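Dear colleague,

I am handing over the structure below for you to look at alongside the notes that follow. Please read them with the model open in your viewer.

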Amino acid sequence: MPICGLVITLCSDPATRAATLEALAGAPGLSIGESAGLRLPAVQELCPGEDLAQASERLLSLSGVVHLDLVYADYEEGRE
């Protein structure tokens with residue numbers, strides 16, 4: 001299953017940021033780390049049939065996500 005390392009930049013509004021963090025916590029295949037200011041490290045395991053563009057659009061559609069940086073991608077077959 002493809003795995004991507006991301007840095008998600010969140011908006012500065014505290015209420016929107018809190019709602020976005022809650023939505024990200026429930027996002028399929030997404031594991032989030034400790035935030036550093038407005039930046040949030042995350043690992044995205046792509047869902048079956050989903051490509052990186054679709055996963056990125058899903059995350060960017062959240063109102064509190066300002067920017068998404070791809071910092072690592074592993075498309076090795078046979079990973080479990």
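Strands β1 and β3, the latter covering residues 39-45, pair in the antiparallel sense over seven bridges, where two strands are said to pair if DSSP finds at least two bridges between them, and where helices (H or I, at least four residues) and strands (E, at least two) are DSSP runs numbered from the N terminus. Please note that this is a predicted model, in which local features need pLDDT of at least 70 and side-chain atom pairs count only at pLDDT 80 or more, while totals for chains, interfaces and linings use all residues. Residues are numbered from 1 along each chain as its sequence is written, and side-chain values use heavy atoms, with hydrogens and water left out.

On its pairing with β4 (residues 65-74), β1 is joined by eight bridges, and these two strands also run antiparallel. Taken together, four strands form an open sheet in the order β2-β3-β1-β4, with antiparallel pairing; its edge strands are β2 (30-32) and β4, each of which pairs on one side only. From one strand to the next, the twist averages 25 degrees, with axes taken as lines fitted to C-alpha atoms, for helices over the stretch in contact, and angles running from 0 to 180 degrees between N-to-C directions.

Both helices described here meet the sheet. Helix α1 (residues 14-25) lies across β1, β2, β3 and β4 and runs at about 165 degrees to β1. Helix α2 (residues 52-60) packs on the sheet as well, touching β1, β2, β3 and β4, and its direction makes about 150 degrees with that of β4; contact here means heavy atoms within 4.5 Å.

As to burial, seven of the eight residues of β1 (residues 3-10) are buried, a word that stands for under 20% relative accessible area, with exposed meaning over 50% and partly exposed in between (1.4 Å probe, protein chains only). T9, which lies in β1, counts as buried because its relative accessibility is 12%, and, not counting residues up to four places away in sequence, T9 touches L38, R39, G64, V65, V66 and H67. P41 in β3 is, by contrast, partly exposed, with a relative accessible area of 35%. Beyond its neighbours within four places in sequence, P41 is in contact with residues including L6, S31 and I32; S31 is ten residues from P41 in sequence, and the two lie 8.7 Å apart, C-alpha to C-alpha.

The largest nonpolar core has 13 residues, of which L6, I8, L10, L24, L30 and L59 touch the most other members; such a core is a set of buried Ala, Val, Leu, Ile, Met, Phe, Trp, Tyr and Cys residues joined through side-chain atoms within 4.5 Å. Two or more residues are given to this core by each of β1, β3, α2 and β4, and the largest share, four residues, comes from β1. Leaving aside neighbours within four places in sequence, L24 is in contact with I8, L10, L30, I32, L40, L59 and L62.

Finally, a search of the whole structure finds one salt bridge, defined as a side-chain nitrogen of Lys or Arg within 4 Å of a carboxyl oxygen of Asp or Glu. E50 forms this salt bridge with R58, the closest N and O atoms being 3.1 Å apart. E50 counts as buried at 18% relative accessibility, whereas R58 is partly exposed, with a relative accessible area of 26%.

With best regards
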